[in-house]
Amino acid sequence: MFQPIKIAPSILSADFMNLERDIRMIEEGGAGYVHVDCIDGHFAPNMTIGVPHVKQLKRVANIPLDVHLMISNPLVQLPWFLEAGADMVTVHAEALEGQQMNEAVEMIHEAGAKACISIKPKTPASVLAGVIASLDMALVMSVEPGFSGQGYIEGSEDKVAEVARMAREAGNDGLLIEVDGGIGVKTVERVCAAGADVIVCGNAVFGAEDPKAAIANISELGNAARQAALEGGAR
Ligand code: DX5
Ligand code: ZN
C-alpha cells in the first residue's frame, strides 16, 4: 500500500535566533519531523546542538523530534538525549562496536522512543545485518556528516535500495528508511524510487525563498517517484 513520504527539515539550516518561528513554519508546511543534528566536534568536524537545546525544542515542537546523534560515545550520552525528549533517536554504526548497536537500540526502546541506526557514505549497508530486524528506521547518509549545504553523493540511492532489500529479507516490513544530505528537488526522486520514506532537507527548505512551498514541492516529487516505482514493481 502506498505510504506518503515524510519531510524532516534539518534545523541546522534554520535561524537559531528564531527557532520557534521556524519550527511553526515547517509544521504549517506539512513537515513530518524536526530533524535535529547533534554533532560533538569529534565524530564529525562541527559542533552544533546539545542536550539543553533538545529539551527546549521539545517544549515548542508539535511534531516528533528526529534527533541525529553524530557523536563518538552514544552509549554514554543516549540517556541524556532520551531524557530531554527525543522521539526518534539515531546513532551511528561507526561509533559502536559488536553488540553495542543492539544495546543502543534496547536503551532507546526502553525509554519509549523509536530507534534508528545511521551509516556514513563509505560504510556498507551490511553492517546493519545484525540489528535491522529490531530497528524502527535506518538512516543512509548521502553526504559526509558535518555540514548542511553539501552536494548529494551520487549512487547513495543504491544503498537505500540495498537497505530496503535487507529489511524485507529480515521480515521488517515496517522499517522506515531515511536519507540525509544534499536532498532537494533535483535528488529526491531517485532516493524515493529506491525506497526512502523520510527525507531530511536542510538547505533545500530553509535556504528556499518559500520554505513551505519547498516542502510541498519536494514531497510531491518524492511521492510521485515512489508511486511510479511501486507501480513498476519495486518496494
Ligand atoms: C549533516 C547533517 C544533515 C545536514 C542536511 O551532517 O546530518 O542533516 O544538515 O543538510 P542539507 O540538506 O543542506 O544537506
Ligand atoms: Zn542529519
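**Zinc site, helix faces and selected residues**

Guide: Just after helix 4, Gly112 adopts a positive phi of about 85°. This model is predicted. Helix 1 is likewise followed by a glycine, Gly30, with a positive phi near 95°.

Visitor: Which residues of helix 4 are buried?

Guide: In helix 4, which spans residues 100–110, the buried residues are Met101, Ala104, Val105 and Ile108.

Visitor: Why are the buried residues of helix 4 said to line one face?

Guide: Seen down the axis of helix 4, the buried residues fall within an arc of 100°, so they line one face of the helix.

Visitor: What covers the buried residues of helix 4?

Guide: The cover includes helix 3 (74–84), strand 4 (88–92) and strand 5 (114–119). To count as a contact, heavy atoms must lie within 4.5 Å.

Visitor: Which residues of helix 1 are buried?

Guide: Helix 1 covers residues 19–28, and its buried residues are Leu19, Asp22, Ile23, Ile26 and Glu27. Viewed down the axis of helix 1, these residues fall within an arc of 140°, so they too line one face of their helix. They pack against strand 1 (6–9), strand 2, helix 2 (51–60), helix 7 (203–206) and helix 8 (211–231).

Visitor: What makes His35, Asp37, His68 and Asp180 the residues that coordinate the zinc ion (ligand 2)?

Guide: A donor atom must lie within 2.8 Å of this metal. The zinc ion (ligand 2) is coordinated at 2.0 to 2.3 Å by NE2 of His35, OD of Asp37, ND1 of His68 and OD of Asp180. The distances therefore meet the criterion. Along the chain, the donors follow the spacing H-x1-D-x30-H-x111-D. The pair Asp37 and Asp180 links distant parts of the chain: Asp37 belongs to strand 2 (residues 34–39) and Asp180 to strand 7 (residues 176–180), 143 residues apart.

Visitor: Why is the site of the zinc ion (ligand 2) called octahedral?

Guide: For six donors, the label requires opposite donors to be over 155 degrees apart and all others to be between 65 and 115. The site of the zinc ion (ligand 2) has 6 donor atoms, with angles of 67 to 168° among them, and is classed as octahedral.

Visitor: Why do Asp37 and Asp180 count as buried?

Guide: The limit for buried is under 20% relative accessible area. Asp37 has 5% relative accessibility and is therefore buried. Asp180, at 7%, is buried as well.

Visitor: Why is Thr48 described as partly exposed?

Guide: Partly exposed lies between the 20% limit for buried and the 50% limit for exposed. The relative accessible area of Thr48 is 23%, so Thr48 is partly exposed. Thr48 sits in the loop between strand 2 and helix 2.

Visitor: Which residues does Thr48 touch, not counting residues up to four places away in sequence?

Guide: Thr48 touches Leu12, Asp37, Cys38, Ile39 and His53. The zinc ligand Asp37 is 11 residues from Thr48 along the chain, and their C-alpha atoms are separated by 7.0 Å.

Visitor: Why does Gln77 count as buried, and why is Val51 partly exposed?

Guide: The two values fall on either side of the 20% limit. Gln77, in helix 3, has 18% relative accessibility and therefore counts as buried. Val51, in helix 2, has a relative accessible area of 22% and is therefore partly exposed. The C-alpha atoms of Gln77 and Val51 are 8.9 Å apart. Beyond four places in sequence, Val51 touches Trp80, Phe81 and Ala84. Val51 and Ala84 are 33 residues apart in sequence, with a C-alpha to C-alpha distance of 6.4 Å.

Visitor: How many aromatic pairs does a search of the whole structure find?

Guide: The search finds 0 aromatic pairs. A pair would need ring centres within 6.5 Å.

Terms used. Residues numbered from 1 in each chain as written. Chains lettered and ligands numbered in written order. Predicted model: local features only at pLDDT ≥ 70, side-chain atom pairs only at ≥ 80, totals over all residues. Heavy atoms only, no water. Donors = N, O, S within 2.8 Å, 3.2 Å for Na, K, Ca; no water. Tetrahedral: all angles 85-135°; square planar, octahedral: opposite > 155°, others 65-115°. Helix = DSSP H or I, 4+ residues; strand = E, 2+ residues; numbered from the N terminus. Buried < 20%, exposed > 50% of the residue type's maximum accessible area, 1.4 Å probe, protein only. Arc of directions from axis to C-beta. Phe/Tyr/Trp six-rings, centres within 6.5 Å; stacked < 30°, edge-to-face > 60°.
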